[in-house]
Amino acid sequence: DPRMKPPDLASVDDAGVQPVPFSPQRFDYGKNDFADRIPADIAAIPDAVPRVEPPHRAASRSYVALGRTYTPLTGDVPFRQRGMASWYGRQFHGNRTANGEIYDMFGMTAAHPILPLPSYVRVTNVRTGRSVIVRVNDRGPFKHDRVIDLSYAAATKLGIASAGTGEVEVERITMAQIASGEYRRGESGAA
């Protein structure tokens with residue numbers, strides 16, 4: 001799968017070792033040059049901060065990808081899913097996402113086939129218990145055995161970038177949970 005692990009990318013291993021500083025000289029960004037934004041320590045990138053956002057109307061319609069029809073969720077409903085996560089990186093870096101934003105492989109974002117765009121989810125590595133919060137702003141993955149595509153930064157923080165995939169649990173953070181701050185319970189420094 002071309003969206004898997006380019007060999008030049010550093011990662012956090014399962015023991016939590018910090019990534020090697022990323023070298024912009026290793027990538028040819030062409031017209032999508034974000035080299036000035038490459039973080040020195042990818043593992044230090046903060047999680048997405050959930051906020052109440054209106055759904056992207058065009059990204060809320062049913063669509064067909066690879067011969068399969070997908071119908072995005074509507075409404076502020078809970079959602080939980082367990083399965084394999086993968087990540088996408090440099091070949092999509094700088095391209096438009098399904099809701100029209102520019103994809104940044106160093107942002108804390110993700111792609112999901114049916115969650116509202118935008119929305120927020122907590123993704124937990126089942127094996128290690130590590131979790132991150134990402135903003136869902138794109139569609140995918142469209143492989144039958146994958147439940148979410150993470151940005152390179154999110155996959156690195158979860159410790160799955162090296163392997164390319166990992167088993168995760170995805171839990172939507174609803175707008176009601178965002179508005180009340182309920183999603184922060186149990187986090188350090190949370191109310």
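This is a predicted model: local features need pLDDT of at least 70, side-chain atom pairs count only at pLDDT 80 or more; totals for chains, interfaces and linings use all residues.
Visitor: Is Ala 161 buried or exposed?

Guide: A residue is buried under 20% relative accessible area, exposed over 50% and partly exposed in between, with a 1.4 Å probe and protein chains only. Ala 161 is buried, at a relative accessible area of 2%. Its place is the loop between helix H1 (152-158) and strand E8 (165-173); helices (H or I, at least four residues) and strands (E, at least two) are DSSP runs, numbered from the N terminus.

Visitor: Which residues touch the most other members of the largest nonpolar core?

Guide: In soluble globular proteins, nonpolar side chains tend to be buried together. A nonpolar core is a set of buried Ala, Val, Leu, Ile, Met, Phe, Trp, Tyr and Cys residues joined through side-chain atoms within 4.5 Å. Here the largest core has 38 residues, of which Met 108, Val 121, Val 123, Val 134, Ile 148 and Leu 150 touch the most other members. Elements giving two or more residues to this core include strand E5 (119-125), strand E6 (131-138) and strand E7 (146-151). H1 gives the most, with five residues.

Visitor: What does Ile 148 touch?

Guide: Contact means heavy atoms within 4.5 Å. Not counting residues up to four places away in sequence, Ile 148 touches several residues, among them Met 84, Ala 110, Val 121, Pro 141 and Val 170.

Visitor: How many salt bridges are there?

Guide: A salt bridge is a side-chain nitrogen of Lys or Arg within 4 Å of a carboxyl oxygen of Asp or Glu. By this rule there are nine. One of them joins the side chains of Glu 169 and Arg 80, at 2.6 Å from N to O. Glu 169 lies in strand E8 and Arg 80 in strand E3, so this pair ties together parts that are 89 residues apart in sequence. Glu 169 is partly exposed at 24% relative accessibility, whereas Arg 80 is exposed at 52%.

Visitor: Where do Glu 101 and Arg 135 lie?

Guide: The side chains of Glu 101 and Arg 135 meet in a salt bridge of 2.7 Å, N to O. Glu 101 is in the loop between E3 and E4, and Arg 135 is in strand E6, 34 residues apart. Arg 135 is buried at 13% relative accessibility, while Glu 101 is partly exposed at 26%.

Conventions. Residues are numbered from 1 along each chain as its sequence is written. Side-chain values use heavy atoms; hydrogens and water are left out.
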